[in-house]
Amino acid sequence: MKKCVIIGSGLGGLSCGCILAKNGYEVTVLEKDRQIGGCLQCFHRGDTVFDTGMHYIGSAEPGQVLHTIYHYLGIDSDIRLSRLDPMGYDVISYGGDHYRFANGKENFIDALSAQFPKSRDELNKYYDLIKTVASSWEIHSLRRDVDLNVNAEFQMRSVNEVVDSIISDPVLRQVLVGIQPLYAGIKDHTPFSTHALIYDFYNQSAYRIVGGSSLVADSLANSIRRMGGQVLVKKKATKIECDHKKATAVLTDTGERFPADLVISAIHPALTVQLIDSHLIRPSYRERVLNVPNSISAFTVYLKFRENSVPYMDKNLYIYRGDSIWGCEKYDDTSWPKFILYMHFCHEDNPVFARSGEILTYMNFSDVQQWCGTHIGQRGESYEMFKKRKAEEAIDVLEKEIPGIRDHIEEYYTSSPLTYQDYTGIPDGAMYGISKDVQSIVSGSVTSRTKIPNLLLSGQCITLHGMLGVLAGSLATCSEVLTIDEIFRQLKHAE
């Protein structure tokens, strides 16, 4: 059996490990921390569970793309899903009104046309373009006969440029990009293709994972183990050893050497090149990867509610404070936060009351730069006071939207960009890894292939972030070994 060593136990690393174990590889996954999962991680406070990254998923019904991939990987038998309201799975609060995003074309157009009756034809055009662009990505549509030129075109056109060219109503233009926190959208920079893929993913169907996204990581790890592989924690990769032609092994901080016929790095590409001391990596490639632009980070408030006091909310609420949905990444002390995303955690089937919820908003790493180099739980009183002040400000925004909610909060916990960086290893705690930018496509593009023939990359920095983006990236990474036709054949056979 060929040996495959995978660095990182996030979704990218574990899914690659599962695919390759299915195809006869002896897989070893190395995780630097004691808990696997990366952005799939959950944490407990008493009997209350909180998701840290993957809060809801889409396209999970039979025949839809995520369901197909989940079934192929065996995840579907290990998790239960709770559907969000199909008539309003995402709700945008903007300018004093609420706007619902409903599943499916007819429902979507009817819901928004009720508030924008003169824009029905434009909404039809917008929706059709979303489907056209999304279906032009072969792994999103699981078809080979796609028009790749469509996807390429809309990688070079920004979200706002395309939306503004279709939609005439200025408020509707804002509303349609209300989900931009799902991809850290930046006006004039974020490609429309990113918006289309993520929008279509959730519009087909939207669900929460009952019990949290860490169950996905557990399922993949257990599958790898059942097929003879291993998933090892507290094994930090310190070097990818190479000879004059290829990678030969991965070394860890425990002094162990793991020989490899194939190495997959599922950590940030900038961290990967720092593990390599070889002429096989050209200085120009190393320099480019070390300087790729990363997305903004986040500040999260994890809310524990008083028992049976907050009705469970089967939707996600995006709350915007200013006159524009764009520009939320630019703020000062008086304007932060410009938006919050408020969600509930699904702790059981058909919950009546929520046990916990989360408030998520943007935060630049520079806001916490002064505490860089400190350790979790040991950052000092000034850091704790900073987080408490920010948490109270975020809760104030939620209180204005939902009066009385503060009285139902028993306690709360927080995470900052430093927390994200420490637990995921991503530079500056970037929410979505490398930024995609229509003005600099090359700088934000890192492929799964490297100049080292048996070293491949996976994770959220390859293709696209999020549940579907990372899994699609894993399929692309493994296709370098198995071919994309074989990957598609196996997916079809598993249906």
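1. A definition to begin with: a polar contact here is a pair of N or O atoms within 3.5 Å, and within protein one of them must be able to donate a hydrogen and the other to accept it. Please also keep in mind that this is a predicted model.

2. With that in hand, look at His 55. Its side chain makes a polar contact with the side chain of Glu 358, at 2.7 Å. The side chain of His 55 also reaches the backbone oxygen of Gly 53, at 3.1 Å.

3. Where does His 55 sit? Its place is in the loop between β4 (48–51) and β5 (57–58). Is His 55 buried or exposed? Its relative accessibility is 15%, so it counts as buried, the cut-off for that being under 20%.

4. Leaving aside residues up to four places away in sequence, His 55 touches Arg 208, Met 343, Glu 358 and Leu 360.

5. Now to a helix pair. Helix α1 (residues 11–22) packs with helix α10 (residues 214–226), the axes being 9 Å apart and the angle about 30°. Because of that angle, α1 is roughly parallel to α10; the cut-off is under 35 degrees. The crossing of the two helices is left-handed.

6. Which residues make the contact? From α1 they are Leu 11, Leu 14, Ser 15, Gly 17 and Cys 18, and from α10 Val 216, Ala 217, Leu 220, Ala 221, Ser 223 and Ile 224. Eight of these contact residues are nonpolar, three are polar and none is charged.

Technical notes
Residues are numbered from 1 along each chain as its sequence is written. This is a predicted model: local features need pLDDT of at least 70, side-chain atom pairs count only at pLDDT 80 or more; totals for chains, interfaces and linings use all residues. Side-chain values use heavy atoms; hydrogens and water are left out. Axes are lines fitted to C-alpha atoms, for helices over the stretch in contact, and angles run from 0 to 180 degrees between N-to-C directions. Helices (H or I, at least four residues) and strands (E, at least two) are DSSP runs, numbered from the N terminus. Angles under 35 degrees count as roughly parallel, over 145 as roughly antiparallel, 65 to 115 as roughly perpendicular and the rest as oblique. A crossing is left-handed if the near helix is turned anticlockwise from the far one by less than a right angle, and right-handed if clockwise. Contact means heavy atoms within 4.5 Å. Ala, Val, Leu, Ile, Met, Phe, Trp, Tyr, Cys and Pro count as nonpolar, Asp, Glu, Lys and Arg as charged, and the others, Gly among them, as polar. Buried means under 20% relative accessible area, exposed over 50%, partly exposed in between (1.4 Å probe, protein chains only).
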